[in-house]
Amino acid sequence: MQAVPSEFLAINRKKRAQEPFLELDLRPAEERVCDFNEVVIGFTPEQAQIEAARCIHCPDPAPCMVACPTHNDIPSAMWLIEQGRFAEAAKLYHETSSLPEVCGRVCPHEQLCEGSCVLNKTGEPVITGQLEVFALTQERILEPYTPEIAPKTGHKVAIVGAGPAGLGCADQLLRLGHDVTLFDSKPAPGGLLVYGIPNFKLSKDVFFERWRDMEKLGAKFVGNTYVGRDKTIDEILAEGFDAMFVGVGSGIDAPMDIPGEDLDGVYEATDYLIRGNVSGDDLPKDKEALPNLGNDVVVIGGGDTASDCLRTSVRMGIENVTCLYRRTESEMPGSAKDRKLAKQEGAKYRFLTQPVQFIAGEDGKLAAVECIEMKLGEPDSSGRRRPVPVEGSNFSVPATTAVKALGYWPDEIIGKTTPDYEVDKWGLTIVKDSETGQTSRENIFAGGDGVTGPDLVVTAMVAGKKSAMAIDEYLKSKK
Ligand SMILES: Cc1cc2nc3c(=O)[nH]c(=O)nc-3n(C[C@H](O)[C@H](O)[C@H](O)COP(=O)(O)OP(=O)(O)OC[C@H]3O[C@@H](n4cnc5c(N)ncnc54)[C@H](O)[C@@H]3O)c2cc1C
């Protein structure tokens with residue numbers, strides 16, 4: 001951690017803990033439902049300095065740094081922002097993170113850095129996530145970042161999957177002087193940053209600016225290549241790559257297995273979010289913009305993807321947007337913050353409601369969802385009370401469109417088409433050691449959601465970075 005003058009700490013810690021908290025400004029709900037632009041209004045330099053000055057600089061290791069999966073040096077960044085040294089603060093984030101402007105926007109800060117801030121004991125935490133965004137935005141204006149790169153090693157590494165895991169790995173390998181090519185089934189890089197997380201949470205421009213930085217470092221991208229079908233892992237390796245990282249995520253939508261799932265008007269969340277949030281050349285060739293969705297959209301599920309689908313729907317001008325969830329609000333796994341925003345924007349919620357069948361109208365398209373009322377029973381293995389159907393309580397909810405947002409499974413194709421590449425019964429890659437991500441094949445490493453199952457942007461990025469260091473060691477050992 002950078003030195004903050006000790007006399008400053010002695011005098012100011014207590015006083016700082018009592019400084020007023022700056023509420024984060026959001027665009028009004030009635031304005032933000034009219035477009036797909038980001039919801040948070042960023043700090044002005046003055047506001048950022050005031051908010052950063054609330055940090056009391058806990059002794060090393062500060063709880064926020066420990067809670068951050070990439071261990072950003074948050075106290076030092078707060079100190080630099082307070083001093084008005086914004087670009088220097090941004091550089092600190094680049095030292096530990098490959099996607100700082102992304103993580104500042106999409107990390108669940110209330111569970112990570114902000115959740116562990118000691119100021120929670122007496123009041124509100126420092127809004128560290130938005131301060132990270134602020135520093136990175138200022139840096140782009142003031143002094144665009146160019147990282148130091150090691151001399152070229154002559155080694156070539158292939159990365160399959162250009163999501164946060166693949167990008168974290170690529171960034172680190174490029175800095176170490178290796179040649180990197182990313183292969184992905186989608187036309188553009190980004191993984192769920194582009195083909196999942198909606199624009200109002202993360203503007204695509206923000207991600208593509210970061211990607212252009214990686215291209216300047218030499219990253220090459222080969223899109224529209226579904227590995228396992230268009231090319232196998234071994235065919236790619238045979239193109240002259242010395243090692244490979246597999247970061248293919250966990251992107252297959254979980255099915256509901258109820259009648260009527262194939263009706264016109266029933267969507268999977270991924271398809272819905274891509275078609276609602278991606279346009280132009282970045283839209284995969286097999287997808288087109290969503291058609292007229294009618295007046296009644298129901299979203300089934302209680303996680304963050306469900307919130308993203310609800311909020312995408314209200315922005316498409318749908319009159320009635322309703323979430324159907326089989327437990328009560330307190331058992332919902334998704335972020336309470338996102339749910340609050342969805343409610344402000346007009347989304348409605350029906351709890352203790354389990355769909356049992358999608359019903360077609362006279363035109364053969366979806367017209368309603370038949371549901372059954374639930375009550376809460378004994379806790380299940382997750383500790384949440386199990387939903388139990390109330391017999392004979394069936395009822396129907398009008399629906400012109402239904403979106404299934406029920407979770408994700410891994411894609412089995414790489415495991416099935418790569419000899420001696422071990423996967424578990426779900427299709428997740430088995431790694432020998434989570435610190436390196438080395439798989440059953442010596443020169444193939446893996447990380448991110450494709451190893452752990454659905455998790456977070458930051459954890460996937462960290463896994464990619466760790467594997468990059470292990471790949472570097474492996475390449476050195478082979479010299
Ligand atoms: C709707 C939604 C919203 C989310 N919101 C948040 C959030 O706000 N904050 C947060 O921290 N996390 C969020 N997450 C989770 C987060 O996006 C993931 O944990 C993270 O993206 C995982 O990174 P990854 O690189 O492992 O996989 P992915 O991002 O899924 O990237 C995998 C890439 O591999 C490619 N690929 C897959 N199979 C193949 C193949 N066979 N051949 C070639 N390419 C292939 C895919 O096209 C994709 O580009 C969200 C997830 C979803 C679905």
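Residues are numbered from 1 along each chain as its sequence is written. Because the model is predicted, local features need pLDDT of at least 70 and side-chain atom pairs count only at pLDDT 80 or more, while totals for chains, interfaces and linings use all residues.

The chain is divided into domain 1 (6–142), domain 2 (156–251 + 410–478) and domain 3 (252–407), with bounds that come from an automatic or database domain assignment. The centres of domain 1 and domain 2, taken over C-alpha atoms, are separated by 29 Å. Their contact takes 16 residues from domain 1 and 24 residues from domain 2, where two residues are in contact if their C-beta atoms, placed from the backbone, lie within 7 Å. On the side of domain 1 that touches domain 2, helix α7 (residues 100–106) gives the largest share, 5 residues; helices (H or I, at least four residues) and strands (E, at least two) are DSSP runs, numbered from the N terminus.

The largest nonpolar core has 118 residues, and I81, A135, I159, A170, V299, V403 and V457 touch the most other members. Such a core is a set of buried Ala, Val, Leu, Ile, Met, Phe, Trp, Tyr and Cys residues joined through C-beta atoms within 7 Å; a residue is buried if 20 or more other C-beta atoms lie within 10 Å of its own, exposed if 12 or fewer, and partly exposed in between, with C-beta atoms placed from the backbone. Helix α18 (residues 457–478) contributes the largest share of this core, 9 residues. Leaving aside residues up to four places away in sequence, V457 touches L99, V102, C103, V106, C107, P164 and L193.

In the loop between α14 (304–315) and β8 is E319, which counts as exposed because it has 11 C-beta neighbours inside 10 Å. E319 and N295 are 24 residues apart in sequence, and 5.3 Å apart in space, C-alpha to C-alpha.
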